[in-house]
Amino acid sequence: MSLIDERQDFSDIADVFLLHGSMQSPAFLDGRLCGLLALRDVTAQAWLEEVCISLGVEQPRDPASAERLLGWRRQTLEALSASDLNYSALLPDELFSLAEQAQGLKEWTLGFMEVVDEVADDSLRERWSQTLREAIEDLEGLGQMETDIDDSSENENDLFALTEHARMAAMLLYTEQHPGKPQVEQTDAPVH
């Protein structure tokens, strides 16, 4: 099995970043990736170029790194377009402190909102459902959240709810920009 077909997680991509001399978290670029796939259908080549620019390199160091970065894009696109709505952001997992997980969510949100602000002009936003507009407004606030939090069950539950809200907003943006992908049941369709 090729690396491009393997499931990529936060640590896999962070390791590729480290291999390229970057200590940055993949969360910000994952937010950008999600926004770009929803609003521009970013190609594999364009994605690879964006990651390389972010890492300060001309091209991936080796074929395995390129495969991982392209696999990241592929898995994100597949998750956003899947009918089971199983997309999840590439964020630090339970091996990280809640503060690190919150920082990852904040960075993801900032990356996602950067693309939304770059691409979604007023005429596009006017075509969005009220639910999507409200979800995007909520994400703007999420980008300002305090991330210096203690490890507690209450904070863990709150962070889970915020992460789920960001996930749903991302999927809603994708589905509204790609009617029929994924093929999901319309809940407000008239009953005959």
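## Salt bridges

Asp117 forms a salt bridge with Arg125, in which the closest N and O atoms are 3.2 Å apart; the term is used here for a side-chain nitrogen of Lys or Arg within 4 Å of a carboxyl oxygen of Asp or Glu. The model is a predicted one, in which local features need pLDDT of at least 70 and side-chain atom pairs count only at pLDDT 80 or more, whereas totals for chains, interfaces and linings use all residues. Residues are numbered from 1 along each chain as its sequence is written, and side-chain values use heavy atoms, with hydrogens and water left out.

The structure holds six salt bridges, and one of them joins the side chains of Glu114 and Arg32 at 2.7 Å, N to O. This pair links distant parts of the chain, with Glu114 in helix 5 (residues 98-119) and Arg32 in helix 2 (residues 26-39), 82 residues apart; helices (H or I, at least four residues) and strands (E, at least two) are DSSP runs, numbered from the N terminus. Glu114 is partly exposed at a relative accessible area of 33%, while Arg32 counts as buried at 9%, where buried means under 20% relative accessible area, exposed over 50% and partly exposed in between (1.4 Å probe, protein chains only). Another salt bridge brings together the side chains of Arg167 and Glu164 at 2.8 Å, N to O. Both of these residues lie in helix 8 (residues 153-177), three residues apart, about one turn of the helix; Arg167 counts as buried at 17% relative accessibility, whereas Glu164 is partly exposed at 27%.

## The largest nonpolar core

The largest nonpolar core has 50 residues, of which Trp72, Trp108, Phe112, Val116 and Trp128 touch the most other members. Such a core is a set of buried Ala, Val, Leu, Ile, Met, Phe, Trp, Tyr and Cys residues joined through side-chain atoms within 4.5 Å. Two or more residues of this core come from each of helix 1 (10-19), helix 2, helix 3 (44-55), helix 4 (63-81), helix 5, helix 7 (130-142) and helix 8, and helix 5 gives the most, with nine residues.

Trp128, leaving aside its neighbours within four places in sequence, is in contact with Leu39, Val116, Ala120, Arg133, Ile136, Leu173, Glu176 and Gln177, contact being taken as heavy atoms within 4.5 Å.

Thr76 has its place in helix 4 and is buried, with a relative accessible area of 5%. Not counting residues up to four places away in sequence, Thr76 touches Asp30, Leu33, Leu37 and Tyr87. His20, which lies in the loop between helix 1 and helix 2, is also buried, at a relative accessible area of 12%; beyond its neighbours within four places in sequence, His20 is in contact with Leu55, Val57, Gln59, Pro60, Arg61 and Ser65.

Cys34 counts as buried at 0% relative accessibility, and Cys52 is buried at 4%. A search of the whole structure finds zero disulfides, a disulfide being a pair of cysteine sulfur atoms within 2.5 Å.

## Positive phi in two loops

Most residues other than glycine have a negative phi. Asp41, however, has a positive phi near 55°; Asp41 lies in the loop between helix 2 and helix 3 and is partly exposed, with a relative accessible area of 46%. Leu85, likewise not a glycine, has a positive phi of about 50°. The place of Leu85 is in the loop between helix 4 and helix 5, and Leu85 is partly exposed at 30%.

## The largest pocket

The largest pocket has a volume of about 750 Å³. On a 1 Å grid over the protein atoms alone, a cavity is a set of points where a 1.4 Å probe fits but cannot get out, and a pocket is an open set with protein on both sides within 12 Å along at least five of seven lines, its lining residues having an atom within 4 Å of a point; grid points are joined across faces, edges and corners, and a volume is the space filled by probe spheres set on the points.

Among the 32 residues that line the largest pocket, Ser88, Ala89, Leu91, Pro92 and Thr163 are the closest to its centre. Helix 4, helix 5 and helix 8 are the elements that give two or more residues to this lining, and the largest share, seven residues, comes from helix 8.
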